[in-house]
Amino acid sequence: MTLSIPQLRAFVATVDAGSFTGAATTLGVGQSAVSHAVAGLEREVGGPVVRRGGAAVATPLGDRMLAHARSVLASVDALEAVVRPATIRGTVRLAAVPTVCQGLLPRLRELWAVTLPDVDVQVYEGDDDEMAEWLEGGTVDAAVLVDPVPAPDGSVVVARDEMGAVVRRDHPLASSTALTLDDLHEDGLVAGGGGCEHQIQRMHELAGQPFRWAHRVREMSTMFGMIQRGEGVSIVPTLGRVMLPDDLVMLPVEPRYVRTLVLSGPDSRPWHPLARALVDAV
């Protein structure tokens, strides 16, 4: 069996884009070139890796191959970057949770735009649990990890922020200097939005309370909408303050909990040189 890098690139790009047309746009080639590359890969592995008709999604065989293909391509990209001329340029993929994407990355990208003007930083937004998986699997080259234990070798702390309570501006406790977990549970806690459920759970552990919630959601927009409608209150990192609608406010919450944000490359494979450049610039 002989697999080629162009075949793997076409396969991964097709699955990521959901179509051969989208993959062609991503790779800067014709659609027929992508189709031929994927067909060649399928001949080599002995079965279809992408479903045709409708959205182009991975078949069971393709799904088993996908993580390995990403890892191979990430290593090839890192190798190519090493042997290129010394000028620092190219594209680096960076993952972060929503509050970091909104509250921290704009400042970091301004810094990188000045210090690394020829580097294009592509942002991938995901939940806390997805960061390490994407990083080690080769989906991204670098990530801002939340409270990693231990912090990966070569990583750097880029920020620390606290967890804050979010309530409606007309809430009876909106003028309080700080809220407790008991205060929040009286209204019903909306947990999980933005991938910060681990921190909320840890706060309950420190307070000696069971972690309980009225609602669990994935998207912060859903969380904020529920709070606006009076369906509960929540706990959000203070970096998320920039995302709050005008009718919601953020207050300190006890027990105080500070999270540490660490910019890092992967543990299980060599870092892409541009991931190292991002860290060095910070």
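Colleague: What percentage of the 282 residues of the protein chain count as buried?

Modeller: The share is 48%, where buried means under 20% relative accessible area, exposed means over 50% and partly exposed lies in between, with a 1.4 Å probe and protein chains only. This is a predicted model, in which local features need pLDDT of at least 70, side-chain atom pairs count only at pLDDT 80 or more, and totals for chains, interfaces and linings use all residues. Residues are numbered from 1 along each chain as its sequence is written, and side-chain values use heavy atoms, with hydrogens and water left out.

Colleague: Why is D246 called exposed?

Modeller: The relative accessibility of D246 is 70%, so D246 counts as exposed. D246 lies in the loop between β8 (233–237) and β9 (248–254). Helices (H or I, at least four residues) and strands (E, at least two) are DSSP runs, numbered from the N terminus.

Colleague: Why is strand β1 (residues 90–96) described as largely enclosed by the rest of the structure?

Modeller: Of the 7 residues of β1, 5 are buried, and therefore the strand is largely enclosed.

Colleague: What makes β1 and strand β2 (residues 119–125) a pair, and in which sense do they run?

Modeller: Two strands pair if DSSP finds at least two bridges between them. β1 and β2 have 7 bridges and pair in the parallel sense. V92, for instance, has V121 in β2 as its bridge partner.

Colleague: How many bridges join β1 and strand β3 (residues 142–146)?

Modeller: There are 2 bridges, again in the parallel sense. Here A95 has A143 in β3 as its bridge partner.

Colleague: Why are helix α2 (residues 20–27) and helix α3 (residues 31–45) called roughly perpendicular?

Modeller: Their axes come within 8 Å and cross at roughly 105 degrees; axes are lines fitted to C-alpha atoms, for helices over the stretch in contact, and angles run from 0 to 180 degrees between N-to-C directions. Angles under 35 degrees count as roughly parallel, over 145 as roughly antiparallel, 65 to 115 as roughly perpendicular and the rest as oblique. The two helices are therefore roughly perpendicular to each other.

Colleague: Which residues make the contact between α2 and α3?

Modeller: With contact meaning heavy atoms within 4.5 Å, the residues are F20, T21, A23, A24 and L27 of α2, together with Q31, V34, S35 and V38 of α3.
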